[in-house]
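Here's a walk through a protein model and the two ligands that sit with it. Have the structure open and follow along.

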Amino acid sequence: MANKEFDVVVIGAGPGGYVAAIRAAQLGFSVACVEKWVNPADKMVLGGTCLNVGCIPSKALLASSEEFEKVGHHLADHGISTSDVKIDIAQMLKRKQGIVDKMTGGIEFLFKKNKITWLKGHGELKAKNDGGYQIDVSPVKDGEKASVTARNVIIATGSKARHLPGMPVDNKLISDNEGALSFDTVPKKLGVIGAGVIGLELGSVWRRLGAEVTVLEAMPEFLAAADAGVAKEAAKQFKKQGLDINVGVKVGEVKTGKDNVTINYTDKDGKEHTLDVDRLIVSVGRVPNTDGLGLGNIGLATDERGFIPVDDHCRTKLPNVFAIGDVVRGPMLAHKAEDEGVLVAEVIAGQKPHIDYNCIPWVIYTSPEIAWVGKTEQQLKAEGREFKPGQFPFAANGRALGMGSSDGFVKVLADAKTDEILGVHVIGLNASDLIAEAVVAMEFKAASEDIGRICHPHPSLSEVMREAALDVEKRALNK
Ligand code: FAD
Ligand code: NAI
């Protein structure tokens, strides 16, 4: 290969790595990105977990299942009658894969446009040398063996599903996220271990398509990371939809038969149960991925949880070696990885970027969606911070009623003295988009009064955000 030395070599082309590569190229650096992902069609692709087996395919299936449920159950109210509604799972999966292919192909186009060299294969840090760091690339399919020197290294190797002992994932009977995004039939009975983000999103998908879904969660509280009021509303909505969520359980022996899985578990009251399902999803979190990366060869090590230690600017303890995304501390979210990718490229360029981790939004794409930014009510109480809450329901919003989706509310938490917004929590239709206003407001250190005084379009769901902000001073207009 022509250029064996690069200003920047990124290892991993998920949302952290590919964005870092593009930003570094925009800043004028020579950039290479090592990536080894091979998709089900045996093609090497960019995009990592997010595009291939994460954010993008899951949202495609969520949309298909929501349409199916809508046509089957929610159109009569509009005076629209339907009969014999069917779902063609093969077509649904084909559509999902089409979206994934379009997105991963898009990154390949962006790499070419930005003159980023894609080093196809597995990257391993080999040694520190005069020019920087030596990285060896071993082909996994296409491509050739290569050894390159990086003046700056960005490690963006992401994460992988955590598996549990005694529950071998074959992505047929027992699946992690990969299998759960590709079931070729709707299971009659589906078990889900872990009521976290994946369990709730994918459990909802298959429930809407007809599966009887039982979720087993170890923690005594449901959605402990969310605001307690939101978690309570979510539990109510999911129960109404038929998701059977059991908290405080201890999963015991799991046995696989020819075409079923039997799970023994103890419930929160100590009673023993046996659950028989056609398929089981194990969604108990993800672990950072540093397999075969050669960290030790250059004097780096992971912490006790497997993450690469970094500072606020994603610097490791070695000069010119950075790590970003799921492989470092902080939430395992695509937009967090992307922002760290931009930040590191700009640090390398001598700029002074900053990420406020308190302003990274969370979204759970269930129906209704759940989104939040900043502190929850229980966190503020634990910190002893005085705050005023404001809350407004979608049920009092004309647009939500017109759209036939008026469950949930927006809640704004503001400092009792200064009125600065400390946290915003949304459960309801399009929460993923509505939360962006709150993120902007918090980044600008806005007060709840600022949102309350800004003109919002009518009729729109965004009016619920404004009314919740006004409700902080108990001056909501439609409550
Ligand atoms: P990854 O996307 O994991 O990419 C790492 C890349 O590095 C991979 O392509 C891998 O092949 C490559 N790699 C690793 N080691 C090497 C090596 N030695 N050599 C070469 N290549 C290597 N987040 C959201 O924000 N919103 C969502 O809606 C959302 N939905 C999700 C749904 C599911 C089912 C899952 C599993 C995750 C979801 N996430 C979501 C999380 C999101 O996917 C991750 O936070 C994000 O992908 C992390 O990006 P990353 O760049 O750090 O790593
Ligand atoms: P998670 O951390 O969200 O949830 C895992 C759940 O499993 C927790 O509630 C935990 O208490 C439970 N659990 C752990 N061990 C258990 C056991 N032995 N028995 C029963 N329950 C057990 O992890 P999940 O859902 O696997 O997702 C991984 C990560 O991927 C998320 O944390 C998130 O960062 C990312 N993601 C983000 C999405 C989004 O932004 N919308 C969507 C999907 C994933």
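## Domains

The protein splits into domain 1 (4-160 + 287-355), domain 2 (174-284) and domain 3 (359-471), with bounds taken from an automatic or database domain assignment. Before going further: this is a predicted model, where local features need pLDDT of at least 70, side-chain atom pairs count only at pLDDT 80 or more, and totals for chains, interfaces and linings use all residues. Residues are numbered from 1 along each chain as its sequence is written, chains are lettered from A and ligands numbered from 1 in the order in which they are written, and side-chain values use heavy atoms, leaving out hydrogens and water.

## Where domains 1 and 3 meet

The C-alpha centres of domain 1 and domain 3 are 31 Å apart. Nine residues from domain 1 and six residues from domain 3 make the contact (heavy atoms within 4.5 Å).

About 650 Å² is buried between domain 1 and domain 3, and carbon and sulfur atoms give 76% of it. Buried area here is the accessible area (1.4 Å probe) that two parts lose on being put together, summed over both. On the domain 1 side, Lys59, Leu333 and His335 supply 43% of the area buried against domain 3, more than any other three residues.

## Ligand 1

There are 38 residues around ligand 1, and Glu35, Thr49, Lys59, Gly123 and Ala334 come nearest (a residue is near if one of its heavy atoms lies within 4 Å). For polar contacts (pairs of N or O atoms within 3.5 Å), look at the side chain of Glu35, with an N or O atom 2.6 Å from an oxygen atom of ligand 1. A backbone N or O atom of Leu333 is 3.2 Å from an oxygen atom of ligand 1. Taken alone, ligand 1 exposes 1000 Å², and the protein buries 94% of that (Shrake-Rupley method, 1.4 Å probe).

H2 gives the most to this shell, with four residues (helices are DSSP runs of H or I, at least four residues; strands are E, at least two).

## Ligand 2

Around ligand 2 there are 22 residues, with Glu201, Glu217, Gly285, Met332 and Val363 nearest. The backbone does some of the polar work: a polar backbone atom of Gly285 is 2.8 Å from an oxygen atom of ligand 2, and one of Val363 is 2.7 Å from a nitrogen atom of the ligand. Taken alone, ligand 2 exposes 840 Å², of which the protein buries 77%.

H6 supplies the largest share of the shell, four residues. Domain 2 and domain 3 each provide at least three residues of the shell around ligand 2.

Conventions. A polar contact is a pair of N or O atoms within 3.5 Å; within protein, one must be able to donate a hydrogen and the other to accept it, and residues adjacent in sequence count only if both atoms are side-chain atoms.
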